[in-house]
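Try each task before you read its solution.

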Amino acid sequence: MVAQLYADSFHGAFGQADNLAFRFCEWADQEAEMLAEVLPLAKHVQVLNMHGNPLIGASGLNAIAAVISTGLVPSLQKFVFDREWGSRAILLRAACHEKGVPVVTDQKLQLSKRIRARSASASTRETASTR
């Protein structure tokens with residue numbers, strides 16, 4: 001009974017999450033492969049951030065690629081890569097491209113947030129000056 005309660009809690013929380021951030025977890029292939037097994041349960045995930053896990057090799061990245069390419073994560077809209085993956089992530093990049101999921105590095109993501117913040121700040125100043 002307790003195990004079922006934990007399972008129900010996991011499915012509820014993980015299944016409803018729209019942003020999964022596994023940054024700087026020091027993951028390797030085994031952890032990435034375990035994520036690939038449960039990723040289809042994340043029915044609402046829009047952003048998957050795995051930056052800061054340079055030890056994940058081709059095996060782990062290919063497991064995630066297989067899940068994405070089969071369409072088991074249909075709501076995914078952005079994948080934040082680790083720059084260190086390089087050629088190990090060829091199949092993962094291809095799977096994301098095939099499904100129309102933009103791939104960004106954490107560096108590009110931070111830059112885009114700063115640009116949006118500046119734009120919002122400028123817009124606020126402009127609105128305030130017209131009053």
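This is a predicted model.

**Exercise 1.** Decide whether Ser-87 is buried or exposed.

*Solution.* Start with the relative accessible area of Ser-87, which is 59%. The cut-off for exposed is over 50%. Ser-87 is therefore exposed. Now find its place in the chain: Ser-87 sits in the loop between S3 and H4. In sequence, Ser-87 and Gly-57 are 30 residues apart, yet their C-alpha atoms lie 9.7 Å apart in space.

**Exercise 2.** Check the length of helix H3, residues 58–69.

*Solution.* H3 has twelve residues, and at 1.5 Å a residue they should span 16 Å. Next, look at the end C-alpha atoms: they are 15 Å apart, which agrees. Just after H3 comes Gly-71, with a positive phi of about 80 degrees.

**Exercise 3.** Find which residues of H3 are buried, and where they lie around the axis.

*Solution.* First list the buried residues: Gly-60, Leu-61, Ile-64, Ala-65, Val-67 and Ile-68. They cover an arc of only 160 degrees around the axis, so they are on the same side of H3. Finally, see what the buried residues of H3 pack against: helix H2 (29–38), strand S3 (78–81) and helix H4 (90–98).

**Exercise 4.** Describe how the rings of Phe-79 and Trp-85 are arranged.

*Solution.* The structure has four aromatic pairs.

How values were computed
Residues are numbered from 1 along each chain as its sequence is written. This is a predicted model: local features need pLDDT of at least 70, side-chain atom pairs count only at pLDDT 80 or more; totals for chains, interfaces and linings use all residues. Side-chain values use heavy atoms; hydrogens and water are left out. Helices (H or I, at least four residues) and strands (E, at least two) are DSSP runs, numbered from the N terminus. The expected span of a helix is 1.5 Å times one less than its number of residues. Buried means under 20% relative accessible area, exposed over 50%, partly exposed in between (1.4 Å probe, protein chains only). The arc is that of the directions from the helix axis to the C-beta atoms. Contact means heavy atoms within 4.5 Å. Rings of Phe, Tyr and Trp (its six-membered ring) pair if their centres lie within 6.5 Å; planes under 30 degrees apart count as stacked, over 60 as edge-to-face and the rest as tilted.
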